[in-house]
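Take a walk through this fold with the coordinates open.

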Amino acid sequence: MSSHPPLPFIDLQAQQARLREGIEAAVARVLAHGRYILGPEVTELEQRLAAFTGAPHVVTCGNGTDALVLVLMAAGIGPGDAVFVPAFTFAATAEAVALVGATPWLVDVMPDSFNINPDAVADAVAACRAEAILRPRGIIAVDLFGQPADYVRLVPLAREEGLILIADAAQSLGAAQDGHRVGTLADYTTTSFFPAKPLGCYGDGGAVLLADAEQAALLRSLRVHGQGDHKYDTRRVGLNSRLDTLQAAILLVKLEAFSGELQARDRIAARYAQGLSGLYALPTLSPGNSSSWAQYTIQLETGTRERIVSHCREAGVPTAIYYPVPLHRSTAYAACPWSRQGLPVAEALSEHVLSVPLFPDLDSERQDRIIAVLAQARKQQGSTKVH
Ligand SMILES: *Cc1c(COP(=O)(O)O)cnc(C)c1O
């Protein structure tokens, strides 16, 4: 059907070609000094990320899931505690809660932003208190697809209820709300440097961003087996979860290019908005928000997705479904507490969402092809009267 080579969903090779020289030099420096664990690049990256986001402290770690686990450990959350998480997210958000022995309480999301619904959180906290089985302890808001959750409402809610507020910003590093960058919007912010995230390394990596110096020191202990003043001064049960020096070196090079890439992501999102308007339900930013556009996610009517996906596939345009199963319908998390009224928005989104390619190196020519294919898919669907 198409004479073009198939497009990648995310083109990391193009980014590598652009940054190759700097990355090779950075890797060569690490090979020369040989400090592979917590070497100087790790400290430098933490300082640069603090400067970039405005977060007073940054503690890097092994991955974005561990970042959540470390925060929950530092906050003393464990068995008997409930942590409220959105039902429409990647499994890692709930997994971290379960890993520390606490209970993830699944909450519905907003239909426009896809992010956790503050009213539904308030209802869930009330239900949890009424049951008096679990202690409500925390909220993990996820900045899904790059857009910050509604911290304007979540911060006072968490404060009133005496809960810890964690921002799972695995997808949203570089975004902002009311002029405040992600990293400063909640008590703790966690992020991931998994290759496909907006700021990705060449393996696994993660970080916690926070304002509290004492908690930052505790996180630094927890990521090295609960170590105190010296290697065999073991103060507490911790993890082995450090960002490799090699990955920090790669991230330092990528961070230099990150602002430009965020601008490119914004530009590409704006072109999709223009090219696809009137054809599809498009993602919207809540007032005051910017996005790092980890995904550009459109919504389709029930029952039409399969046809659109296969039309795109045949035309060489890859698409992805984030997420086809909400957590309360997954095998692992179905037994978690969630509202008796159900989680209708999370469920509808899992049937309606479709993400299309968006990465900084997507040039206009290739994007126009994607837009044309999506427009054609819509027309075909119209002519076959699929509802
Ligand atoms: C990717 C992701 C994580 C986990 O990050 P890893 O580095 O893969 O452990 C957690 N939460 C969300 C929302 C994510 O997208």
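How many aromatic pairs does the structure hold? The structure holds eleven. Rings of Phe, Tyr and Trp (its six-membered ring) pair if their centres lie within 6.5 Å; planes under 30 degrees apart count as stacked, over 60 as edge-to-face and the rest as tilted. The model is predicted: local features need pLDDT of at least 70, side-chain atom pairs count only at pLDDT 80 or more, and totals for chains, interfaces and linings use all residues. Residues are numbered from 1 along each chain as its sequence is written, and side-chain values use heavy atoms, with hydrogens and water left out.

F84 and W105 form a tilted pair, 5.7 Å centre to centre with 45 degrees between the planes. The pair links distant parts of the chain, 21 residues apart: F84 sits in strand β2 (residues 81-86) and W105 in strand β3 (residues 103-107). Helices (H or I, at least four residues) and strands (E, at least two) are DSSP runs, numbered from the N terminus. Both F84 and W105 are buried. Buried means under 20% relative accessible area, exposed over 50%, and partly exposed in between (1.4 Å probe, protein chains only). Ring pairs also join F9, F88, F90, F114, F145, Y322 and Y323 into a cluster.

Now turn to helix α1. D11 caps its N-terminal end, with a side-chain oxygen 3.2 Å from the backbone nitrogen of Q13. A kink of about 70 degrees is centred on L19; the bend at a residue is the angle between axes fitted to the seven residues ending there and the seven starting there. L19 is also one of the buried residues of α1, together with Q15, Q16, I23, A26 and V30. Their cover includes α2 (40-53) and α8 (245-276). G34 follows α1, and its phi is positive, near 75 degrees.

Next, the interior. A nonpolar core is a set of buried Ala, Val, Leu, Ile, Met, Phe, Trp, Tyr and Cys residues joined through side-chain atoms within 4.5 Å. The largest has 44 residues, of which L72, I77, F88, L106, I166 and Y188 touch the most other members. Helix α3 (residues 64-74) gives the largest share, seven residues. A second, separate core of 26 residues includes A124, I139, A141 and L185.

T93 counts as buried because its relative accessibility is 1%. Its side chain makes a polar contact with the side chain of D168 (3.0 Å).

Notes:
Contact means heavy atoms within 4.5 Å. A polar contact is a pair of N or O atoms within 3.5 Å; within protein, one must be able to donate a hydrogen and the other to accept it, and residues adjacent in sequence count only if both atoms are side-chain atoms.
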